[in-house]
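Subject: Handover of a structure for your review

Dear colleague,

Please find below the structure that I am handing over to you. I would be grateful if you would read the notes after it alongside the coordinates.

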Amino acid sequence: MLETKLKRILVPVEGAPTDEESLRLACYFAKRDRALIRALYIIEVRRSLPIDADIPPDAQRAEQVLENIHQMAERIGCHLEADMLQAREAGPAIVGEAAEHQADLIVMGVPYQEKFGDFCVESRALHVLTHAPCRVMLVREPLKHPIAR
């Protein structure tokens, strides 16, 4: 699979169905290489608000998602750090965090989305794929209805 020894793995989470599978994959690599895992929840702040605005509903959701991720990691037998961050857009924030913390790998979930009948990658994931300073693995949710071609 990956022959590079990993030291730091970043797992952006958002409370999506793909969070658990992303975490499982990250834990696999972390156990193999004794790497550190950092789960990150990004609160996107509207431009009409200051970047450090207090947004209690979003902060509560972030705390709940991170607590769930922490519990999942414990069940898998993996240790992680969890953090939340406020930013204008998630994609650039994820790339910035990967660079700042010298991540060797980003493992992130993406929903299955179609545009004009074909699969397309959401803007957050596309930004990370385009600009990340490290390897990126996307975990796409399975198709709800298989496409007959």
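This is a predicted model: local features need pLDDT of at least 70, side-chain atom pairs count only at pLDDT 80 or more; totals for chains, interfaces and linings use all residues.

Helix α1

Helix α1 covers residues 18–33, 16 residues in total. From its first C-alpha to its last it reaches 23 Å, close to the 22 Å expected at 1.5 Å a residue. Its buried residues are Thr18, Asp19, Ser22, Leu23, Ala26, Cys27, Phe29, Ala30 and Asp33. Just after the helix, Arg34 adopts a positive phi of about 55 degrees.

An α-helix has 3.6 residues a turn, so residues three or four places apart point the same way. Both partners are partly exposed: Arg24 has a relative accessibility of 45%, and Glu20 has a relative accessible area of 30%.

Leu6

Leu6 belongs to the segment before β1. Its relative accessibility is 1%, so Leu6 counts as buried. Leu6 touches Phe29, Arg32 and Asp33, and also Ala35, Asp104 and Leu105, leaving aside residues up to four places away in sequence. Between Leu6 and Asp33 the C-alpha to C-alpha distance is 5.9 Å, although they are 27 residues apart in sequence.

The whole structure contains 7 salt bridges. In one of them, Asp83 pairs with Arg38, the closest N and O atoms being 2.8 Å apart. Because Asp83 lies in strand β3 (residues 81–87) and Arg38 in strand β2, the pair ties together parts that are 45 residues apart in sequence. Asp83 is partly exposed, at 33% relative accessible area, whereas Arg38 counts as buried at 10% relative accessibility.

Another salt bridge joins the side chains of Arg47 and Glu89, at 3.3 Å from N to O. This pair also links distant parts of the chain, 42 residues apart: Arg47 is in the loop between β2 and α2, and Glu89 is in the loop between β3 and α3 (90–100). Arg47 is exposed, with a relative accessible area of 60%, while Glu89 is partly exposed, with 42%.

The network at Arg124

Arg124 is found in helix α4 (residues 123–131) and is buried, with a relative accessible area of 11%. A network of salt bridges links Arg124 with Glu14 and Glu122. The side chains of Arg124 and Glu14 are joined by a polar contact of 3.2 Å, and those of Arg124 and Glu122 by one of 2.8 Å. Leaving aside residues up to four places away in sequence, Arg124 touches Pro12, Glu14, Ala90, Gly91, Ile94, Met108 and Gly109.

A nonpolar surface patch

On the surface, Leu126, Leu129 and Leu138 form a nonpolar patch, with about 240 Å² of accessible area together. Leu138 lies in strand β7, residues 135–140. Its relative accessible area is 32%, so Leu138 counts as partly exposed.

With kind regards

Technical notes
Residues are numbered from 1 along each chain as its sequence is written. Side-chain values use heavy atoms; hydrogens and water are left out. Patches are made of residues with over 30% relative accessible area and no salt bridge: like charges are joined within 9 Å, nonpolar side chains (Val, Leu, Ile, Met, Phe, Trp, Tyr) within 5 Å. Accessible areas come from the Shrake-Rupley method with a 1.4 Å probe; for residues, only the protein chains shown count as cover. A salt bridge is a side-chain nitrogen of Lys or Arg within 4 Å of a carboxyl oxygen of Asp or Glu. Helices (H or I, at least four residues) and strands (E, at least two) are DSSP runs, numbered from the N terminus. Buried means under 20% relative accessible area, exposed over 50%, partly exposed in between (1.4 Å probe, protein chains only). The expected span of a helix is 1.5 Å times one less than its number of residues. A polar contact is a pair of N or O atoms within 3.5 Å; within protein, one must be able to donate a hydrogen and the other to accept it, and residues adjacent in sequence count only if both atoms are side-chain atoms. Contact means heavy atoms within 4.5 Å.
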